[in-house]
Amino acid sequence: QGEEWKKFRTAMDKKMMRPYEVSCYADKISDVGNHLIRTLNNCRGHDFIIPNIEREINKYAAESLAAVLFGKNLGMFNDPIEPEIEQFLQSIPKLLLVVNDLLTIPPFMFKYIFTKQWKELNKLADITLNFSSTIIQEKKKHLKNKLQSIAEGNQANNRVDLLSYLFATRILSETEINIAIVDLLFGGIDITTNAILWTLYNLGKNPDIQDKLRNEVRNTMKDSKNPDANQIEKMQYLRSCIKETF
């Protein structure tokens, strides 16, 4: 397991663990954030309550991750959402609930005692895998003439999505790439959604902290419409709020 872990980390580290690499995606993620804000404004009722805000944050998380992992817009904020996108979106919270139910049960017992949950887990896992596999195959066809340039780091500002980079470096097999991408996509959506929801909850419960954070954001951004990576780096109180939530 040690060598397998090392292989995956070697493949991922350059694109996922270096601050500069992450900062290259700031504008794309900011665009997704603008979509989210517009959607929340449209969803908000006269009482300022946003129904099913978790679903909207899930959309944001999925689109942000897709920008980094695939360099692709999934269309989560389209109205209406394409059926396969909607199916994937709905499968995320369901899969988490099923996994939580089965987490403490030895796997060999599933088919004897927890047959319904086990079948549901397989069904939802297939949806997730098929969704990512389709994107991976589309990307593979698109990349045929670009792989060498990507592997050598010749793309402008190194702003290439993780999937393209993994194909170019050939450190991982296609099956391993699929596993890695599904893990990052699913795990990333879960972590990002919960982090945002609980941060918003804590800010709502502490209006004085919320005011202080708002002032920091406004003072840092000044006349900027969208925050860039350098501005976000200067928002130390924002960093503290997120860390306090975790």
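This is a predicted model: local features need pLDDT of at least 70, side-chain atom pairs count only at pLDDT 80 or more; totals for chains, interfaces and linings use all residues.
View 1. Although Phe-48 is not a glycine, its phi is positive, at about 70°. With a relative accessible area of 61%, Phe-48 is exposed, because the cut-off for that label is over 50%.

**View 2. A cis peptide bond joins Asp-79 and Pro-80.** If you are checking backbone geometry, look at omega here, which is about 5°. Pro-80 is placed in the loop between helix H4 (53-69) and H5.

**View 3. Asp-161 is a buried loop residue with polar partners.** You will find Asp-161 in the loop between helix H8 (147-151) and helix H9 (162-169). Its relative accessibility is 8%, and buried means under 20%, so Asp-161 counts as buried. The side chain of Asp-161 makes a polar contact with the side chain of Lys-139, at 3.2 Å. A polar atom of the Asp-161 side chain also lies 2.8 Å from the backbone nitrogen of Ser-164. Setting aside neighbours within four places in sequence, the residues in contact with Asp-161 are Tyr-25, Ala-67, Val-68, Leu-69, Phe-70, Gly-71 and Lys-139.

**View 4. Helix H7 carries a set of buried residues, Lys-139 among them.** Helix H7 (residues 115-142) has 28 residues. From its first C-alpha to its last, H7 reaches 41 Å, close to the 40 Å expected at 1.5 Å a residue. The buried residues of H7 are Leu-121, Leu-124, Ile-127, Thr-128, Phe-131, Ser-132, Ile-135, Ile-136 and Lys-139. When you read that list, keep the helical repeat in mind: an α-helix has 3.6 residues a turn, so residues three or four places apart point the same way. The cover over the buried residues of H7 includes helix H5 (83-102), H9 and helix H10 (174-205).

**View 5. H9 packs against H10 in a right-handed crossing.** The axes of these two helices come within 11 Å and cross at roughly 160°. Angles over 145 degrees count as roughly antiparallel, and H9 and H10 therefore fall in that class. On the H9 side, the meeting residues are Leu-162, Leu-163, Leu-166 and Phe-167. Their counterparts in H10 are Glu-174, Ile-177, Ile-181 and Leu-184.

**View 6. Helix H1 also packs with H9.** Here the axes of H1 (residues 2-16) and H9 are 10 Å apart, at an angle of about 135°. H1 and H9 are therefore oblique to each other. H1 passes H9 in a right-handed crossing. The contact is made by Ala-11, Met-12, Lys-14, Lys-15 and Met-16 of H1, together with Leu-162, Tyr-165 and Leu-166 of H9.

**View 7. Tyr-112 and Tyr-165 are 43 Å apart between C-alpha atoms.** Along the chain, these two tyrosines are separated by 53 residues. Tyr-112 has its place in helix H6 (residues 110-113). Tyr-112 is exposed, with a relative accessible area of 61%. Tyr-165, for its part, is one of the H9 residues in the contact with H1.

Definitions and conventions: Residues are numbered from 1 along each chain as its sequence is written. Side-chain values use heavy atoms; hydrogens and water are left out. Helices (H or I, at least four residues) and strands (E, at least two) are DSSP runs, numbered from the N terminus. Buried means under 20% relative accessible area, exposed over 50%, partly exposed in between (1.4 Å probe, protein chains only). A polar contact is a pair of N or O atoms within 3.5 Å; within protein, one must be able to donate a hydrogen and the other to accept it, and residues adjacent in sequence count only if both atoms are side-chain atoms. Contact means heavy atoms within 4.5 Å. The expected span of a helix is 1.5 Å times one less than its number of residues. Axes are lines fitted to C-alpha atoms, for helices over the stretch in contact, and angles run from 0 to 180 degrees between N-to-C directions. Angles under 35 degrees count as roughly parallel, over 145 as roughly antiparallel, 65 to 115 as roughly perpendicular and the rest as oblique. A crossing is left-handed if the near helix is turned anticlockwise from the far one by less than a right angle, and right-handed if clockwise.
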